[in-house]
Amino acid sequence: MTQQPQWGINLSRFFCIPQRVVLAIMGFLAILNAYTMRVCLSQAITVLVIKKNQTEEGVSHAICEADDLDNGAAGSSGIYPWSEELQGLILSSFYIGYIVTHVPGGLLAEKFGGKWTLGLGILSTAVFTMLTPLAIQKGGSDWLIVTRVLMGLGEGTTFPALSVLLAAWVPANERGKLGALVLGGGQVGTILGNMVSGVLLDAYDWPWVFYFFGGLGVIWFVIFIFLCFSDPSSHPFIKPSEREYLVKEIGTIGRNESLPPTPWKAILTSLPMMALVSAQIGHDWGFYIMVTDLPKYMADVLQFSIKANGLYSSLPYVMMWIVSVGSGFVADWMIRRGIMNTTNTRKVMTGLAAFGPAIFMVGASYADCDRVLVVVLFTICMGLMGAYYAGMKLSPLDMSPNYAGTLMAITNGIGAITGVITPYLVGVMTPNATLLEWRLVFWVAFGVLFVTAIVYCIWASGDVQPFNDPLPRSVDFEAEERKPLPKPKSLEHSS
């Protein structure tokens, strides 16, 4: 075991919170910041573009009456004549960059640790967020698209790096609650991104939305770099008792020369891995439609004011966050008490998170212009989707602690392709932004959610997979060399 520096022992006395909890909190804030920077454009674009003439024949009957609460608020009328299709391309451009850095981010985090991979990714996203107003004002939609792609490149490392950090820091019996806490940052970030954007757009000019959230990302980076480290063995002021506990429960995650090359063939041909990718595609299809386009639905169809749009677009994610954290505790309890094994627990949570939202999403489109009922149905829809975070979102950690970053990179990267497809597809399917056009969008999402969840529920696994530790397959004359190599303690849950 690495000897802890004397100054680290002294400094550890000032921390009453375990370092794995500190890491979980900072991971939560990392995703929170990532999502606020990602989604704030979805609110801002509603005041950037010139609104359609809703009195056109054949359109007005399918769009609700405006609530008329803006009263000339700052930025309430746009100046950019961007079509629905172009708006879809702008909103989807982020995910073009986001996809590219997933696998490299996972590999870098596994080789060198998740600290700098995560930190620098969030920092670069924050910088480009603050440059967004300049891009729009100087280059219009073209420069905005380029800036969003660059933001995506930075943010693409977030989930793979966090998976590596969680695999190194969180024991299996705490993975549900701490994992759900960290991943719940996405919902809280979406809540704050929508709500605060609505307030800022109502009170100030639209560039302040980007300056505010980008600035918060820079502040997070500075704090994170001083507080967090890639693993317990390299942490200079972790308490010895906590380090010993984590080494006992988790073992030492292999890094640098400790691990053989990534077993790509075994990973990519694994049936549980294919099921995981399927569930990720379904989750991302439904989630990206909601997180990217719900503010546009509220503004274009329901005709909410700017401030009301920010508030009501955020309510579904309040419920989603509550359910995501609560489902994590429930999942841990079910596994710990032997009610269900890990595999079945993940399947139940994933099924709940797919079938329920699909039904309520379509139901909201049949509530017509009843604003209260629509908001209630969307809130239930996204609340149930929170169970994903105690389901398939934790599968990479269950299946392979050593290659959790790579698994998360593959699944999240493939799933993020839907982030490119869905906003653009929504723009193509809703040229007039009518209720009837949007109803078809939700029916398509219904089909995707159902099919992908069924695949996961049949073939998914919550057990550690053979490709996690391929060393025993080596030839015999390497046995003595293998013996001293760090080897993670089995994380298999009791069935």
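What percentage of the 495 residues in the protein chain is buried? In this predicted model, buried residues account for 59% of the chain. The secondary structure consists of 19 helices, with zero strands. Among contacts with a separation of 6 or more, 87% are between residues 24 or more positions apart.

The largest nonpolar core comprises 122 residues. Within this core, the residues with the most contacts are Trp82, Leu118, Phe287, Tyr297, Tyr317 and Phe378. Helix α2 (residues 19-48) contributes the largest share of the core, 15 residues.

Three salt bridges are present in the structure. One of them joins glutamate 155 to arginine 38, with 2.9 Å between the closest N and O atoms. Because glutamate 155 belongs to helix α5 (residues 114-155) and arginine 38 to helix α2, this pair ties together parts of the chain that are 117 residues apart in sequence. Glutamate 155 has a relative accessible area of 1% and is buried. Arginine 38, with a relative accessible area of 3%, is also buried.

A salt bridge is also formed between the side chains of arginine 346 and aspartate 398, at an N to O distance of 2.6 Å. Here the linked parts are helix α14 (residues 342-365), which holds arginine 346, and helix α16 (residues 395-399), which holds aspartate 398. The two residues are 52 residues apart, and the pair links distant parts of the chain. Both arginine 346 and aspartate 398 are buried.

Aspartate 368 and arginine 439 likewise meet through their side chains in a salt bridge, with an N to O distance of 3.4 Å. Aspartate 368 lies in the loop between α14 and α15 (371-385), whereas arginine 439 is part of helix α18 (residues 435-459). The pair connects distant parts of the chain, 71 residues apart. Aspartate 368 has a relative accessibility of 38% and therefore counts as partly exposed, the range for that class lying between 20% and 50%. Arginine 439, in contrast, has a relative accessible area of 15%; this value is under the 20% cut-off, so arginine 439 is buried.

Methods: Residues numbered from 1 in each chain as written. Predicted model: local features only at pLDDT ≥ 70, side-chain atom pairs only at ≥ 80, totals over all residues. Heavy atoms only, no water. Helix = DSSP H or I, 4+ residues; strand = E, 2+ residues; numbered from the N terminus. Buried < 20%, exposed > 50% of the residue type's maximum accessible area, 1.4 Å probe, protein only. Contact = heavy atoms within 4.5 Å. Core = buried A, V, L, I, M, F, W, Y, C linked by side-chain atoms within 4.5 Å. Salt bridge = Lys/Arg side-chain N within 4 Å of Asp/Glu carboxyl O.
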